[in-house]
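I opened my notebook to look at a ligand site, some aromatic rings and a few single residues. Here is the entry, with the structure first.

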Amino acid sequence: MAAFRSPSTGMVLLLLMSLLVAAFADGNFYQSCDVVWGHGSHGMIQEGGELLSLSLDKTSGSGFQSKDEYLFGKIEMQLKLVPGNSAGTVTAYYLSSKGETWDEIDFEFLGNLSGHPYILHTNVFSQGKGKREQQFYLWFDPTADFHTYSILWNPQRIVFYVDNIPIREFKNLEFLGVPFPKNKKMRLYSTLWNADDWATRGGLEKTDWSQAPFKASYKKFKADACVWSYGSSHCSPNKNVWFWEELNFAKKGQMRWVRDNYMIYDYCTDTKRFPQGLPTECAFSNLF
Ligand SMILES: *[C@@H]1O[C@H](CO)[C@@H](O)[C@H](O)[C@H]1NC(C)=O
């Protein structure tokens, strides 16, 4: 009898638990991120690690970072931004390396008065040089619900996605002398802070502290990436998908739709700012 006993309830439970852990590991903030600013008081991991919330009041903002550093990857997160009167607040969500000649890929959400649109600000730094801002309005209310914001970073291109719709592509045009981030590992950072000296209508709208605390929420962090550890990188099993990802005809069409209808600033058309001539990538970004 004993020899043919079916697995004990304990064993079954153990098995179930390990399956659950495996299923949630990807999106679990306890495993993937650390709150490094305003920990406990303003930045909190909740719901068993499924939700992360940042808040800002007069005493402090807050922020978190990924435990891992990446050298190429596709990074995804769902964000729900500060609702109501969010003027003066900025929610930044970006990849960045360290040092004087750092690389950086930025999403920044600039708050606004109730009923007025957020600005989604994007930028790409390579070797410490940015000045590549493009700004957009969104085609939905980013405070009503969670939406997915992703960064694709592979050796050929950087693509910014909103709900899987590409809004911006920065191609590797190194052969034209445009530096491209490809040697420095980057970490994911996100912060909620007060920037009412510039953020909303160029600094005209100040943060209304009577509305504090301001709160942004995060869910479903996913990094399909090459993770840096002990001096080498370890890539996700489906590396061959994102590592070679490019924009097909349909995706390019979606991107054109966003850029035609929602783009409000493009450094590549700002001739006043670049009297010596627009940056090289501006002339060529549609060609290759
Ligand atoms: C805020 O609203 C004003 C007026 O609708 C708009 O011009 C501006 O682009 C909006 N966003 C920010 C961040 O200033």
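I took helices (H or I, at least four residues) and strands (E, at least two) as DSSP runs, numbered from the N terminus. With that in hand, I found Gln135 in strand β8, residues 134-136.

Before going on, I noted that this is a predicted model, where local features need pLDDT of at least 70, side-chain atom pairs count only at pLDDT 80 or more, and totals for chains, interfaces and linings use all residues. Residues are numbered from 1 along each chain as its sequence is written, and side-chain values use heavy atoms, with hydrogens and water left out.

**Entry: Gln135**

Is Gln135 buried or exposed? I read a relative accessible area of 17% for Gln135, which makes this residue buried (buried is under 20%, exposed over 50%, partly exposed in between, with a 1.4 Å probe and protein chains only). I then looked for a partner and found that the side chain of Gln135 makes a polar contact of 2.9 Å with the side chain of His121. For a polar contact I required a pair of N or O atoms within 3.5 Å; within protein, one must be able to donate a hydrogen and the other to accept it, and residues adjacent in sequence count only if both atoms are side-chain atoms.

**Entry: the ligand**

Which residues surround the ligand? I listed Leu110, Gly111, Asn112, His116, Pro117, Ile119, Tyr137, Ala199, Thr200 and Arg201. Sorted by class, this shell holds five nonpolar, four polar and one charged residues. Here Ala, Val, Leu, Ile, Met, Phe, Trp, Tyr, Cys and Pro count as nonpolar, Asp, Glu, Lys and Arg as charged, and the others, Gly among them, as polar.

I went through the polar atoms next. A polar side-chain atom of His116 is 2.7 Å from a ligand oxygen atom, and a polar backbone atom of Arg201 is 2.8 Å from an oxygen atom of the ligand. At Pro117, a backbone N or O atom lies 3.0 Å from a ligand nitrogen atom. The protein buries 76% of the 360 Å² that the ligand exposes when taken alone (Shrake-Rupley method, 1.4 Å probe; for residues, only the protein chains shown count as cover).

**Entry: aromatic rings**

I paired rings of Phe, Tyr and Trp (its six-membered ring) if their centres lie within 6.5 Å, calling planes under 30 degrees apart stacked, over 60 edge-to-face and the rest tilted. How many aromatic pairs does this rule give? The count is 20.

Tyr93 and Phe107 are a stacked pair, 5.6 Å centre to centre with 20 degrees between the planes. Tyr93 sits in strand β5 (residues 89-96) and Phe107 in strand β6 (residues 104-110), so their pair ties together parts that are 14 residues apart in sequence. Tyr93 is buried at 0% relative accessibility, and Phe107 is buried with a relative accessible area of 0%.

Tyr94 and Tyr189 are stacked too, at 5.4 Å centre to centre and 20 degrees between the planes. This pair ties together parts 95 residues apart in sequence, because Tyr94 is in strand β5 and Tyr189 in strand β12 (residues 186-194). Tyr94 counts as buried at 18%, as does Tyr189 at 14%.

I also marked one aromatic cluster, formed by Phe72, Trp153, Trp242, Phe243 and Trp244.

**Entry: lysines**

Lys239 lies over the face of Phe243, 4.3 Å from the ring centre, and Lys74 lies over the face of Tyr161 at 4.4 Å. My rule was NZ of Lys or CZ of Arg within 6 Å of the ring centre and within 35 degrees of the ring normal.

Definitions and conventions: Near = heavy atom within 4 Å.
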